Structures are given as structure tokens and as C-alpha cells.
Amino acid sequence: MKGGQEISKTPSSSKRSQLSQGSIDVYAAQCTSCLKWRVIDTQEEFEEIRHKVIQEPFYCSRKANRSCDDPADIEYDCTRTWVIDKPNLPKTPQGFRRSLVLRRDYSKLDAYYITPVGKKLRTRNEIAAFLKDHPEYKGVSVSDFDFSSPKIMQDTIPEIVELKGSANKKLKIAKDEI
């Protein structure tokens, strides 16, 4: 993203040798001024920042007791797989939860929403049907949901994963890892 500001989610890296990744373990935002990464405490806070990042750029001072003079909270490196989210996505409606699952071959993250009653929704059509069947969510619209996937930063994918062929991506595990 131009202007030096990016927002990021980093899928769990504690078990990188197990290729069944799927959860986000750290949310981070990059300061517009010093370009240092600051850990964002909750998914809700992260979504609020992401939702308004163009109108209200993120600065270190937005975090309590932080300034650009402090060391970065987290460094961009290959100890974890980084993904960069799109700016200005809508915030997840109250009671719903946006979930991202990293595909086994690290080709993309699949987005889905979990409803307040625990149902997993994977498409706009499923959301529309749910909202129609549950009039108690009358203030919620299909446009409040976004299924776009964050960009996976290729330079942070574990070395044991090799993507073969652009049309047919297959997972290849290094022989010494088996």
C-alpha cells in the first residue's frame, strides 16, 4: 500500500512445520510516520483501524504509552506468515465474527462469518438468507460483510512450502521434513 501504511494479520507461526495453519495470532498496524509495526490488542480494534485507515491514518501515538521513539512491537520477518489486509473494509457487525482460514498450500485465506448463533456463513447469499430468516438483525445489511482475502506476503511463507505452477498449485514438502 502506498504511503507506508499497511495493516496486517499474521497467521499462527508456533507450529509452522505443521501445515494446517488457520488462525490469526497477531494483529498489527504500521505507523504512517515511522513505519514501525504496532501490535493491535483485539480483532475489534484492528477492524476499527482498518475500516478508517485512509481517513484516519494509524500513528504510534494511537497506542497507549507508545511513540515513534519506542522500538517496534513486532518486526516484519519470516518467523511467521504475514498477510496484508485491504484498507477501509467494513467493520464486522456487532455479534458476528469474521474468520480467516489459511489454505494448506498457503495460496490464500478463505473468509467467512460466524453468526451470533454460531452458524458459519461463507457467501453473500448465505448472509442474505440468514438475515431474512432472522429479522432481529434488521439493522444489519449484506453490504456490512466483505469476503475479500488479505494478500499473503510470499517472502514470509515457510521454506518447506513450494508453490508449483500458477494454474495448478500443489503443496510440496521438502523430503527432510517428512
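**Layout of the chain**

Tutor: Read along the sequence, the pattern is β-β-β-α-β-β-β-β-α-β-β-β, which comes to 2 helices and 10 strands, where helices (H or I, at least four residues) and strands (E, at least two) are DSSP runs numbered from the N terminus. This is a predicted model, in which local features need pLDDT of at least 70 and side-chain atom pairs count only at pLDDT 80 or more, while totals for chains, interfaces and linings use all residues. Residues are numbered from 1 along each chain as its sequence is written, and side-chain values use heavy atoms, with hydrogens and water left out.

Student: What share of the residues is buried?

Tutor: Of the 178 residues in the chain, 41% are buried, with buried meaning under 20% relative accessible area, exposed over 50%, and partly exposed in between (1.4 Å probe, protein chains only).

Student: Which residues make up the largest nonpolar core?

Tutor: That core has 10 residues, namely V83, L100, L102, Y106, L109, A111, I152, I157, I160 and V161; a nonpolar core is a set of buried Ala, Val, Leu, Ile, Met, Phe, Trp, Tyr and Cys residues joined through side-chain atoms within 4.5 Å. The elements that give two or more residues to this core are β5 (97-102) and β6 (109-114). Apart from it lies another core, of 9 residues, including Y113, L121, I127 and Y137.

Student: How do β5 and β6 run, and how many bridges join them?

Tutor: They run antiparallel and are joined by 6 bridges, and two strands count as paired if DSSP finds at least two bridges between them.

Student: What is going on with the phi of Y106?

Tutor: Phi of Y106 is near 60°, a positive value in a residue other than glycine. Y106 lies in the loop between β5 and β6, in a hairpin that has 6 residues between the strands, and at 0% relative accessibility Y106 counts as buried. N88 likewise has a positive phi near 60°, but its place is in the loop between β4 (83-85) and β5, and at 28% relative accessibility N88 counts as partly exposed.

Student: Changing topic, how many disulfides does a search of the whole structure find?

Tutor: The search finds 0 disulfides, a disulfide being a pair of cysteine sulfur atoms within 2.5 Å.

Student: Last one: where does S148 lie, and which residues does S148 touch?

Tutor: S148 lies in the loop between α2 (124-133) and β8 (151-152), and is buried, with a relative accessible area of 18%. Not counting residues up to four places away in sequence, S148 touches K86, L89, R98 and A111, where contact means heavy atoms within 4.5 Å.

Student: Which side chain does a polar contact join to that of S148?

Tutor: The partner is D146, at 2.4 Å. A polar contact is a pair of N or O atoms within 3.5 Å; within protein, one must be able to donate a hydrogen and the other to accept it, and residues adjacent in sequence count only if both atoms are side-chain atoms.
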